[in-house]
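Please walk me through this structure, one part at a time. I am new to it and would like a plain account of how its pieces meet.

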Amino acid sequence: MASAVALGVTSIECDVHLSADGEVVVCHDPTVDRTTDGTGAIAALPWAALQEFDAGARWTPHADPEMANGGVRSGPTPFAGQRIRLPRLAEVLESFPEASFIIELKSVAVAAPTIALLQRMQVQRRVLVGSFLAAALHPARQSGFRTTAAESELVRLLPAAILRGAAPAQPFDALAIPPSWHGIPVPIGGFVRSLGLPIHVWTVNDRSHAERLVARGVTGIISDDPRVMLGL
C-alpha cells in the first residue's frame, strides 16, 4: 500500500477478517496459509499469533492473488524476512490519512466490529464498505455508511442490466464487480446505464482493458499494477 500511495494512488481496496480476539485484520484470505509462512484460519488465531507470521515470505514480484493455483509463482521472494506483518485495519487507515478506501467485509462476523472501528476513527466520508454477503452490509447501512452491492443484489439486477432498462432505487451506493464471474461476462455497460451509480471493476492490470472499461462509463479501476493504471 505504501508503495502505491508513493506512486500517487489516492484510493485503496482491502479486505478484512476478524481475529479470534476481535481485531479487524487486513488480509484477502480467511487463512494465513497462502500469504504468510504460517498456517491456520484468522478467525481461530489471536492477534499476537498472527503477528508472528512473515507476510512477505511467499510473495514474488509477479504474484497474482487471484490465481487459481494459490497466487504464488516460482521465483525470488524479495519481501521475505523484511518484517512485513499482517496489519490491523486501524493501522492502515492511520497510515494513509488522505486516502479513500473500499473495505470489503469477508464475513458477517467482522461487519459490526469494523463499523464500530470506522465510527470511532470518524472516517465515514472516505470509506465505501463492500461485501459479497448482504447480511454483512446491514450494520454499515444501518449506520449510514456508503456501501457496494452484495452478490445477491447484483443477481436480482441482472435482467435490468442485460436489457439496459432503468433499475429501481437500491440500498447501495456503488458497485465493485469483476469483468466476468465464473467465466460469464458481467454486463458492465448495462449496469452503468441501468443504475447510474459509480462502478469499480476488479482486478484489471491491462491498460487497454482499463481504457475500454472507462469508455463504457466505469468510475474506478481496481488493479495490482497502479503504475500502469496511473498512466491513464
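This is a predicted model: local features need pLDDT of at least 70, side-chain atom pairs count only at pLDDT 80 or more; totals for chains, interfaces and linings use all residues.

Apart from neighbours within four places in sequence, Ala 111 is in contact with Leu 105, Ala 136 and Pro 139. Ala 111 belongs to helix H4. With a relative accessible area of 1%, Ala 111 is buried, because the cut-off for that class is under 20%.

Helix H4 covers residues 111-121 and helix H5 covers residues 134-142, and the two pack with their axes 9 Å apart at an angle of about 25°. That angle makes H4 roughly parallel to H5, because angles under 35 degrees are put in that class. The crossing of the two helices, H4 and H5, is right-handed. On the H4 side the contact is made by Ala 111, Ala 112 and Ile 115, and on the H5 side by Ala 136, Pro 139 and Ala 140.

A pair of aromatic rings is described by the distance of the centres and the angle of the planes. Searching the whole structure gives two aromatic pairs. In one of them, Phe 132 and Trp 181 are 5.7 Å apart centre to centre, with 35° between the planes, and the pair is tilted. Phe 132 sits in the loop between strand S4 (127-130) and H5, while Trp 181 is in strand S7 (residues 180-181), so this pair ties together parts that are 49 residues apart in sequence. Phe 132 counts as partly exposed, at 33% relative accessibility. Trp 181 is partly exposed as well, its relative accessible area being 32%.

Phe 132 also forms an aromatic pair with Trp 202, and this pair is edge-to-face, with 6.3 Å centre to centre and 80° between the planes. Trp 202 lies in the loop between strand S9 (199-201) and helix H8 (207-215), and Phe 132 in the loop between S4 and H5, so the pair ties together parts that are 70 residues apart in sequence. Phe 132, Trp 181 and Trp 202 together form one aromatic cluster.

Technical notes:
Residues are numbered from 1 along each chain as its sequence is written. Side-chain values use heavy atoms; hydrogens and water are left out. Axes are lines fitted to C-alpha atoms, for helices over the stretch in contact, and angles run from 0 to 180 degrees between N-to-C directions. Helices (H or I, at least four residues) and strands (E, at least two) are DSSP runs, numbered from the N terminus. Angles under 35 degrees count as roughly parallel, over 145 as roughly antiparallel, 65 to 115 as roughly perpendicular and the rest as oblique. A crossing is left-handed if the near helix is turned anticlockwise from the far one by less than a right angle, and right-handed if clockwise. Contact means heavy atoms within 4.5 Å. Rings of Phe, Tyr and Trp (its six-membered ring) pair if their centres lie within 6.5 Å; planes under 30 degrees apart count as stacked, over 60 as edge-to-face and the rest as tilted. Buried means under 20% relative accessible area, exposed over 50%, partly exposed in between (1.4 Å probe, protein chains only).
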